[in-house]
Amino acid sequence: MTPMQKLLQLPVNAVNMVKTVQNQVQGFQEEDKSPVLSPDGAHQAWYSALQPDELRHLRSGGSGGGGGGGHNSEERAPLEEGGGGGGGQTQPLRHDDLKEMLDSNKDSLKLEAMKRIVAMIARGKNTSDLFPAVVKNVACKNIEVKKLVYVYLVRYAEEQQDLALLSISTFQRGLKDPNQLIRASALRVLSSIRVTIIVPIMMLAIKEAASDMSPYVRKTAAHAIPKLYSLDPEQKDQLIEVIEKLLADKTTLVAGSVVMAFEEVCPERIDLIHKNYRKLCNLLVDVEEWGQVVIINMLTRYARTQFLNPNLNECLLEEGGESTFYGSDADQDEDEDEDKKDEALSKRKPYVMDPDHRLLLRNTKPLLQSRNAAVVMAVAQLYFHLAPKAEVGVIAKALVRLLRSHSEVQYVVLQNVATMTIKRRGMFEPYLKSFYIRSTDPTQIKVLKLEVLTNLASETNISTILREFQTYIKSMDKDFVAATIQAIGRCATHIGEVRDTCLNGLVQLLSNRDELVVAESVVVIKKLLQMQPEKHSDIIKHMAKLTDNIQVPMARASILWLIGEYCEHVPKIAPDVLRKMAKTFTNEEDIVKLQIINLAAKLYLTNSKQTKLLTQYVLNLAKYDQNYDIRDRARFIRQLIVPTDKCGALSKYAKKLILALKPAPILESPFKDRDHFQLGSLSHLLNTKAGGYQELPDWPQDAPDPSVRNVEVPEWTKCSSREKRKEKKVEKPFYSDSEGESGPTESADSESDSASSSASGSEQSGSGSEESEESEERSDSDEEEEEEEEEAKKRKTQKKEPIEAVQQSESEQSSEEEVKKRKVSIPPPRNVSESESDDDDSPSDSSQDSESEDSESEAEVKKKKKITPPKAPTKPVKKEGKKEKKEMSLLDFDDFEPTPSPQVTPVGNFLSSSLVTDLEGLSLTDTVLSPATISPSGSLKSYELLHRITGEGLWVEYCFSRQPFLPDPHMVAVQIQFTNSAATEAKSLRLEEAKLQSGMRVKEFPEIEVLPAGESATVVMGVDFCDSTQAANLQLCTHSRKFFVSIQPPVGELMTPSFMTENEFKKEQGQLMGMNEITEKMQLPERCQNEHAIVQRVIAAANLSRVPCGSDKECSSPAPPPPGPPVHRFAGRTVTSGSLVLVTVATKESGPSQLTINCEKMVIGTMLVKDILLALTQ
Amino acid sequence: MYCSCCFSLPNSSGFSVATMNGQLKKCHIAITSFIDSCSPFLIPSSLSPSLCDSSHNLDSLPIVAVEMIHSLFLINHSGDIFLEKHWKSVIGRSVCDYFFEAKEKAAEPEDVPPVLQTPHHYLISIYRDRLFFLSVIQTEAPPLFVIEFLHRVVETFQDYFGECSETVIKDNVVTVYELLEEMLDNGFPLATESNILKEMIRPPTILRTMVNTLTGTSNFEERLPSGQLSTIPWRRSGVKYTNNEAYFDVIEEIDAIVDKSGTTVCAEIQGVIEACVKLTGMPDLTLSFMNPRLLDDVSFHPCVRFKRWEAERVLSFIPPDGNFTLMSYHVNAQNLVAIPVYVKQNISFFESGSGGRLDLTAGPKQTMGKTVEGLVITVHMPKAVLSASLTATQGSYTYDPATKVLVWDIGRLNPQKLPNLRGSLSLQAGAPKPEDNPSINIALKIQQLAISGLKVNRLDMYGEKYKPFKGVKYVTKAGKFQVRT
């Protein structure tokens, strides 16, 4: 574009601006106008300047001003005109000037050109020929230009893949930019370019961005996942890994987006949610609105798979009640039945809502107050699908509120309300009046409201509703009137008391002037009469008369059917009607014709004397009808009713066939059974399954293991720690020092609790982690007590379980009791160093001075004994057989020897989180017994965790016990031995997570409350190393100090033995060839030659099991080198991902031996080769 | 009433570099003189520091593809597609044919079903300001989610351009495009808070357009926005005002149906608190009511701390900058609703002949001693009514024979002299006596009264040192107020 042209643009703008200004500011006079400002230049933006009309106008302005410019544009104008009319047609010339502008080095020109191009895109015009010119500017410094170039690029990249690739490097550079916004935008654009070739680049970029520091960039990464997935679904597995990683993210910004990605890519992988469930629930309030919707919908599905139906009990209870009622005077059989029911009842009765289920309901409830209708709807459907019946009511108010919103919102909400009212009528009954219809409502809203009103009708409110309906019948909107009449019909069928009233009302409508109203009434009356025809023959007579007037086919057909069906009630009129109909037969609609034939047939059978000829006549007419249905019907009826020689068999039954008693129709709501679709979904609205709809699963029969959702701290520790905090607040003066130590959680907590008015911005949305804790705190503290109660109940109910469980629960309860008790009695002030947590103090305390013990329950004593093993060499109590055994073994660890059986691992000690896990753990032990049998006889290598000197007398070592870690099979069991070599006792030893690598998880051991001087204790914890040899960095805390420690697993400990036969081994090995196979040659030293030594060394280096096949068998195998050298095979699986690790050691009498490792995880393979090599050759 | 800082100009594009032409200079002069002439009006709001402040932000970056909402078409009243935006691959305009078909069938634009199913897509549309916003989706998505989002788009346009009409959208097509780009990423809403959007894409204002013209700079600055990363998603950082003020409008609407005899069939009060907060820094406000028990059902702007409401019945929040809806509420149903006016009506059609009579009288009922203003009575006549020849004792009436709507604009209601409208209606020749009855809708306004009796107690500010100017205003309006005949 020439500068001249550009100048021409300007006056138009100026006109505009000044014009607008004039409109707004009075007193601005016309004189001020420059000559350029043409008087009629109303609203022309540069956008419209592209239109021919304006251009002409512009031209005149231009030529008035500068000669050259005018000339120039004059030339161009006709072309423009062609463009304006041609729509999508391309104009090479015009585009040429855009190209020129884009090529110039002035940003303003480029910007102008880009704006015009974007405007063309917006109008749906094709500008693809500009691609080369535009793509050049992708690296333009001007952000505004750049942005528009991005718009263009995303639109056309797919069509011009080769050229689009030119821009990729710019984005790749952008991905490394220090500015997070630039990184994010680069990823946004890159992932939006739908070119298959760049899939690997996108994958890489997403992976990188997923671990970006900035939550905004991580959010963008989450957004990019579905884009890549839709471009190349083969990337699914890798993307799931990214999703898993992002799901663990703790910021609210990311949460919504990643769940959206989850729903798009892998909604079936519900297992990914377990660990994040509680976090999501707690973050929910602070997630942005759109994210809330997605998360709530997803959690609804999740809850349906994980929790029990809260209403199941109620159904059973009702049944149970009935059975006792009838059971009183019933025989033995029914008694038994009752017993069974009672049994079922007692089995079900102690339904206690899973605390996680409760958590979800509690945390979503405030969102009913959201201004966003979609959020409110999402919560409403969650409550409808998940909440106990008694609690669902809360959603009604919020939904009724939405009825004030835009009509589209009303439309969707009413659809859902209609479905809800069928199941839970009571919920909306108080809001009946909110569904009253105004004449100004759009018809579709009226009809839906009517539906709701009909569903809400009951004996008590029917009179109000019918009065309301009466006003609706007078409405001008005829469709709506018809719907109202239908609604009255439905009310009449459901509520017997008003049937006659309704019928009378409808009959009155028969004299309405509007034919549609009459017709609709006829249809409805027909249905109603079917219920009790004998009482209403006068109505039938009345309707018979209507045939002269009513023209609506459906109504005519209905009347004819009625007369035919009940012709015995109107014996005189019926033949006459048929006579009239026969006259008009040829002019009737098809449905009416069919009914005339029916009527004729019925009359023929009942009153053949009068109607024989008429029937013949009608059938003859029908025989030559244009419609084949009618011809068929006529032929069929004739054969059936007119006895002939040939087909006498069927005609005997003609009466039975045609005059059979028909069941009355049931008028049902079209919304019945719609609730099998998740409410609020598109599928529900359309009542068909939409693409991508995720079925709402049915409640499970038995709840899956709730412990899968456990993260970090077990529940009871959490409880007590919370109690601790509360106490601390009360006793602030004593413990003010420790307050600071306890970090951000505490301060956030106190802030929210005291609801200090100074709560500043940080409260609303501080950094992610703080916030999550806080919100957890907020919600937890409220209902803590309720929760406790629930837990207690739960425990009681489970008392029938095996003995261990009871004890476990008892001890838990007692600990709670303890806590409660201490709340009442103020403990004596202690020195500040002990104040870390006074929950922990007391047991040690009590063990020190026995006086306090008499106030405590026996259970408590037991517990203390259990927890302080060094001091507890007490005789096993009778009941406690097993438990004591564990305790003994626990003591045995002091002089540690590899245990012969995994059963002896101190299971009970850290499985306190929930009884279910506990039980499962115990049962698991038996099954996992076998692998241990091959564990090496040599002692395990232990590593130092904390040196005696740095630990100030506390010496901590750890070793890998190679036992399966029962609470979580994906964790490596790490056995930790504490030795207190200091002169004073160490208290409250525990581990805290410090900086774990992403994905790593740690299951801490329960706190060691006291470790007296000179004693040692052993505990087991679980670490999920994510199949990497990265160290787990932890904090070891004592009552007075914190030490940073790290546990570094040798690669050999990251696997568990896996049993397989030789054939299986070979088969698996065959699948792990190529990249997954690593072979190393080695020279075995003398003493390592024999089989025993090799096996021992390999097993010492890695936790593998030997594949049971002797070298002798190998010799006899038909492999090409017939007398093959002895081969040793070992197999295992990595702990976290369960990938196979296969090790083969092939020794040769002469020459180097060969070590082969086949493993999917190449890193593990390489490291393992090194380790085993070292073990064998040294 | 408070804010007028956004005079919108139909052209957001900004002016190109201006130089050395005689015409242009004249143009400049015109602009400068304009500034001079109108500065007294502009300075309080437009030239206030806040505006200058808000102007350093630049739009960020762009683009993307969609999954949930695939495409958006804007369609005007007569059925022309005047803007299309695709977030993923392009979907042909022909998909809209299904919509047009449904639109043909519907008598009124409001009757077009918001959700339509086509063989390969689902169309979800809203109708606002005589425009259809039609979105195309391909897979399951909560319909309310899409609908709510579309409404948010319209509100954003209104916020940016002052109104949402075809002309305005066409004039600001680039800004519109950028907004859409920023609001949705991959079909999933990204930034919908107006405060954030305004940091990234600046709304067109007269002042800036002029400044841009004068200096030759573009509409956008080189600085990247910080808003997206602000810890409070609804408030931008670094807000500055010289006059710190916070205004709250308590607006209550009476929804009622009154039957023929004058008895109330149903009535309820819905209220909303609109706020205009222009405060420097990060103020933390607490608004309390004298009688919070009146409030039955509430919904809040996300900024309100729900826990505190639950516990103490006070609104505690860090406000967004500028205008926003703080809360909306529903007044407890137990309280009887005062109906401020009554309408005596007598509309009858003659049994024979083509005509009828109309006699309407409006009068005050329970007005709490305040004056009823802006009283407008709208009657939807039966189709057969051709024309009306009436006389009004107060105000004026119009009858539109096309839509069959009679509007009687009364204005202020004088209790001493009740306004009356009477006269005859003429029907289509030969048409039967209309069966159906017209319904009467009433609009009114009462200043300085919240009909529910709700009163704001006090507003406290924490977190900032200065003393803001505070104001509360009460208005009662008729919502969906209908009299049946």
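Is Gln448(B) buried or exposed? With a relative accessible area of 58%, Gln448(B) is exposed, where exposed stands for over 50% relative accessible area, buried for under 20% and partly exposed for what lies in between, using a 1.4 Å probe and protein chains only. This is a predicted model, in which local features need pLDDT of at least 70 and side-chain atom pairs count only at pLDDT 80 or more, while totals for chains, interfaces and linings use all residues. Residues are numbered from 1 along each chain as its sequence is written, chains are lettered from A and ligands numbered from 1 in the order in which they are written, and side-chain values use heavy atoms, with hydrogens and water left out.

**Confidence in chain A**

- The pLDDT, which is the predictor's confidence in each residue on a scale from 0 to 100, averages 71 over chain A, and 67% of the residues score at least 70.
- Where pLDDT is low, the predicted coordinates should not be read in detail.

**Overall make-up of chain A**

- Chain A has 53 helices and 15 strands, which are DSSP runs (H or I of at least four residues for helices, E of at least two for strands) numbered from the N terminus.
- Of the 1178 residues of chain A, 57% count as buried, and its accessible surface comes to about 50,700 Å², of which 53% belongs to carbon and sulfur atoms; the areas come from the Shrake-Rupley method with a 1.4 Å probe.
- Among contacts in chain A between residues at least 6 apart in sequence, 66% join residues at least 24 apart.

- Asn416(A), found in helix H23 (residues 407-423) of chain A, counts as buried at 1% relative accessibility, and beyond four places in sequence it touches Met377(A), Leu679(A), Gly680(A) and His684(A).

**Positive phi in loops**

- Most residues other than glycine have a negative phi.
- Gln448(B), although not a glycine, has a positive phi of about 55°, and it lies in the loop between strand E21 (439-447) and strand E22 (456-462) of chain B.
- Asn687(A) has a positive phi near 60° in the loop between helix H38 (682-686) and helix H39 (715-730) of chain A, and is partly exposed with a relative accessible area of 32%.

**Aromatic rings and charges**

- The whole structure holds 26 aromatic pairs over all chains, a pair being rings of Phe, Tyr and Trp (its six-membered ring) with centres within 6.5 Å, stacked if the planes are under 30 degrees apart, edge-to-face if over 60 and tilted otherwise.
- The rings of Tyr472(A) and Phe480(A) have centres 5.4 Å apart and planes at 45°, so the pair is tilted; Tyr472(A) is buried at 3% relative accessibility, and Phe480(A) is buried at 2%.
- One aromatic cluster is formed by Trp290(A), Phe145(B), Phe149(B) and Phe188(B).

Terms used. Contact = heavy atoms within 4.5 Å.
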